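The sequence and structure are shown first, and the discussion follows.

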Amino acid sequence: MKLFIKIYNKLYSFYGPQYWWPGDTPFEIAVGAILTQNTNWSNVEKAIKNLKDAKVLSAKALHELPIQKLASLIRPAGYFNIKAKRLKSFIDFLIENYNGSMKKIKKEDMEPLRKKLLDIHGIGPETADSILLYALDKPVFVIDAYTKRVLSRHMILDYNASYDEYQNLFHKELDEDIQLFNEYHALFVRVGKDYCKPKPLCEKCPLNTF
DNA sequence: GACCAGGCACATC
DNA sequence: GATGTGCATGGT
């Protein structure tokens with residue numbers, strides 16, 4: 001059986017479904033994707049709760065919210081000044097081109113939309129792909145630090161290989177399958193948090209033998 | 001107190 | 001193209 005399917009089956013049989021992305025609406029998922037850049041998810045949850053409590057977790061409300069106020073609300077997520085700008089950039093894009101509607105943006109084809117997202121200041125490949133896959137149901141494989149750590153530790157690809165090299169490998173090895181891409185990436189995060197840490201715990205890792 | 005966490009932009013060579 | 005740095009909170 002193909003290696004990448006084998007790894008997936010090993011992780012899935014060990015962990016089961018991960019029910020990703022942790023977020024209630026496509027808009028909340030997109031906001032979370034920006035807030036979680038290089039940041040622990042528990043800190044992002046605090047920031048999102050602040051936005052919900054302030055009743056500003058919508059494109060229209062965030063568009064009207066002063067950037068200083070936004071920064072103070074997302075403070076727990078870290079890098080709050082820079083992330084406030086990045087959220088504003090995304091929301092400006094959403095308002096100007098799609099009337100603030102995630103349903104309208106979802107009608108776009110993936111390839112041109114990915115390019116547009118990457119043109120937004122503060123949205124790089126991982127954030128763009130997280131939004132495409134988890135908020136907009138587009139078939140694209142998300143690469144993150146955990147994915148790179150797991151593959152590089154198993155000598156499948158060098159850690160310093162580019163984002164596109166990692167992504168191309170998954171797109172080559174796997175059938176285009178939104179649900180598979182969704183679950184597979186979530187499982188990488190899970191095994192990365194549990195075992196494939198900076199100090200690895202390989203003995204009990206489900207990928208110790210595959 | 002050190003280390004880590006679901007990146008990205010920017011400067012410099 | 002490769003490498004280094006700033007951005008910042010909160011948990012272990």
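## Surface near DNA strand C

Helix 6 makes the largest contribution to the surface near DNA strand C, giving three residues. The model is a predicted one. Helix 3 (41-53) and helix 6 (80-98) each provide at least two residues of this surface. Around DNA strand C there are 13 residues, of which Pro76, Gly78, Tyr79, Asn81 and Ile82 come nearest. By class, the surface near DNA strand C comprises four nonpolar, eight polar and one charged residues.

## Glu45 in helix 3

Glu45 belongs to helix 3. Is Glu45 buried or partly exposed? Glu45 has 17 other C-beta atoms within 10 Å, and it is therefore partly exposed; a buried residue would need 20 or more, and an exposed one 12 or fewer.

Glu45 and Ile82 are 37 residues apart along the chain, and 18 Å separates their C-alpha atoms. Ile82 is also among the residues that come nearest to DNA strand C.

## Surface near DNA strand B

DNA strand B has 26 residues around it, and those that come nearest are Gln37, Gly124, Thr127, Ala145 and Pro198. Which helices each supply at least two residues of the surface near DNA strand B? They are helix 9 (125-135), helix 10 (145-153) and helix 12 (178-194). Helix 9 accounts for the largest share, with four residues.

In terms of residue class, the surface near DNA strand B consists of 11 nonpolar, 11 polar and four charged residues.

## Domain arrangement

Chain A is divided into two parts: domain 1 (3-19 + 141-194) and domain 2 (26-135). The centres of domain 1 and domain 2, taken over C-alpha atoms, are separated by 24 Å. Six residues from domain 1 and six residues from domain 2 take part in the contact. On the side of domain 1 that touches domain 2, the residues divide into four nonpolar, one polar and one charged.

## Nonpolar core

The largest nonpolar core contains 48 residues; Ala30, Leu35, Ala47, Ile74, Leu87, Phe90 and Ile131 touch the most other members. This core lies between domain 1 (3-19 + 141-194) and domain 2 (26-135), because both domains give residues to it. In soluble globular proteins, nonpolar side chains tend to be buried together.

Which residues does Ile131 touch, not counting those up to four places away in sequence? With that exclusion, Ile131 touches Ala30, Ala33, Leu117 and Leu136. Of these, Ala30 is also listed with Ile131 among the core residues that touch the most other members.

Technical notes. Residues numbered from 1 in each chain as written. Chains lettered and ligands numbered in written order. Predicted model: local features only at pLDDT ≥ 70, side-chain atom pairs only at ≥ 80, totals over all residues. Near = placed C-beta within 6 Å. Nonpolar A, V, L, I, M, F, W, Y, C, P; charged D, E, K, R; others polar. Domains from an automatic or database assignment. Contact = placed C-beta atoms within 7 Å. Core = buried A, V, L, I, M, F, W, Y, C linked by C-beta atoms within 7 Å.
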